[in-house]
Amino acid sequence: MEQTEPQEGEAAQAQSGTGGGNGKKRDWRTSDIHLGERWDIARFHPNATKENPAADDEDLFLWDIYFGANYLEREEPAPVDEQELAFKSKIEQTLGVLKAIYRPAPATENGESKWARFGKRLRRMIIGAQADHQTDAWEKECEVRFKEAFDRLFSLTTLAFTVKNVDLRAADGALETLRNETLMREGSRIKNHYMFKLGAPAFGAAVIFLLLYLLYDKSPGFFATLCGAYGDRLDWMCAKPSETREYVALFPSEAYRFRAMFLLLAGCMIGTWLSFAARKVTLAFTDLAELEGDRLAPRMRLLFTGSLAVVFSLFFITGVVEFRFSSMSTGQIMQSGTIALLIGLIFGLLEQSLPAAVMDRARGVFETGKTKTAP
């Protein structure tokens, strides 16, 4: 955080040796104040009081770093140092990432379902005890890790902005060391946790789609019998009951033609999970707070990618788009389960570029008014 008025007082006198010169009333939300020639640096907590200046028993993750730009208060303000501002932004970004990765997730209001508890046990088996982010022990560990990182960040901030003739390149090197150590410490946990959150629904949906395909492919008469038995209950859909039965009777045969769509969706789910693992081979420090730039939740990502895959597959079925690979053509997508599964995997692997591809093809159809065919 940045303010234009530096806060001074007893703590400032004790730590800076300046005597608290301007006699301003102390703001008890700031502590551990350090006065510099151009900047004043202090710890800041919005809930700190005169009786509790250290903000004991308050939310640890509300601690912030106060930046007082006192060089702007002079009668002739000193010029702005772009290198200082860039370093300040980097410190604030680092603090934001630390808060994001260590702040415990909010507990659910209505308790946990049996499936949620099963998922936690399964995560512990696969990626270790740190998979559970809501236990008391893990919350305490997060607080310890955050406090350790915050103290180091505050120390190097104080060094960089209040000590004379400090080379910011050295301070930046210390900041990079802190970021790299945090990345090595937390990167594996965060990546594996996200892969489980994405992989569990992806593989679950893939199994469901695969079972639907097998049921449709091996027992087409089951759906015909089912539609025939319940067709009378849908008479309200048409003015003439006979028309309803006719439409319902056509459904099994029409759906049977598109049974390979279930395999395509199964492949798309698995491909989406593989896409993340392939794209995020190594993580950057900022990835710890936000693994995916589009901010889609794992289940929403699967739903979104699957819907786009269905749209693009309709382009293939209708001949709006056609690709040929050796003797294989995307026009055969509904005639071959293998081709449908392969194309679904490709859709999932390319899920980042799939929205733009769908929009481009759809826009091309309406702009040119004719079929677009890609070699």
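**Close-up views of a predicted model**

**View 1. Helices α8 and α9 cross in a right-handed way.** A crossing is right-handed if the near helix is turned clockwise from the far one by less than a right angle, left-handed if anticlockwise. This is a predicted model, so local features need pLDDT of at least 70 and side-chain atom pairs pLDDT 80 or more, while totals for chains, interfaces and linings use all residues. Residues are numbered from 1 along each chain as its sequence is written, and side-chain values use heavy atoms, without hydrogens and water.

Helix α8 covers residues 260-279, and helix α9 covers residues 298-318. Their axes come within 10 Å and cross at roughly 135°. (Angles under 35 degrees are roughly parallel, over 145 roughly antiparallel, 65 to 115 roughly perpendicular, and the rest oblique.)

From α8, the contact uses M261, L264, L265, C268, M269 and T272. From α9, it uses R301, L302, T305, G306, A309, V310, S313 and I317. (Contact means heavy atoms within 4.5 Å.) Nine of these residues are nonpolar, four are polar and one is charged. (Nonpolar covers Ala, Val, Leu, Ile, Met, Phe, Trp, Tyr, Cys and Pro; charged covers Asp, Glu, Lys and Arg; the others, Gly among them, are polar.)

**View 2. Helix α5 packs against α8.** Helix α5 spans residues 168-218. Its axis lies 8 Å from that of α8, at an angle of about 165°. That angle makes α5 roughly antiparallel to α8. Here the crossing is left-handed. The contact holds 22 nonpolar residues, two polar ones and one charged one.

**View 3. R295 sits in the loop between α8 and α9.** R295 is not a glycine, yet its phi is positive, at about 60°. Its relative accessibility is 63%, so R295 counts as exposed. (Buried means under 20% relative accessible area, exposed over 50%, and partly exposed in between, with a 1.4 Å probe and protein chains only.)

**View 4. W63 lies in the loop between β3 and β4.** Strand β3 covers 39-44. W63 is buried, with a relative accessible area of 11%. Leaving out residues up to four places away in sequence, W63 touches S31, R43, F44, H45, P53, A54, A55, L95, K99 and F150. T30 is 33 residues from W63 in sequence. Their C-alpha atoms are 9.8 Å apart.

**View 5. R74 belongs to the loop between β4 and α2.** Strand β4 covers 64-69, and α2 covers 82-102. At 35% relative accessibility, R74 is partly exposed. Beyond its neighbours within four places in sequence, R74 contacts E37 and R38.

View 6. (The expected span is 1.5 Å times one less than the number of residues.) I339, A340, I343, G344, F347 and G348 of α10 are buried. An α-helix has 3.6 residues a turn, so residues three or four places apart point the same way.

**View 7. A357 is part of helix α11.** The helix covers residues 354-368. A357 has 27% relative accessibility, so it counts as partly exposed. L308 is 49 residues away along the chain, and the two C-alpha atoms are separated by 9.6 Å.

**View 8. The protein chain has eleven helices and six strands.** (Helices, H or I with at least four residues, and strands, E with at least two, are DSSP runs numbered from the N terminus.) The chain has 375 residues, and 41% of them are buried. Among contacts between residues at least 6 apart in sequence, 70% join residues at least 24 apart.

Conventions:
Axes fitted to C-alpha atoms, helices over the stretch in contact; angles between N-to-C directions.
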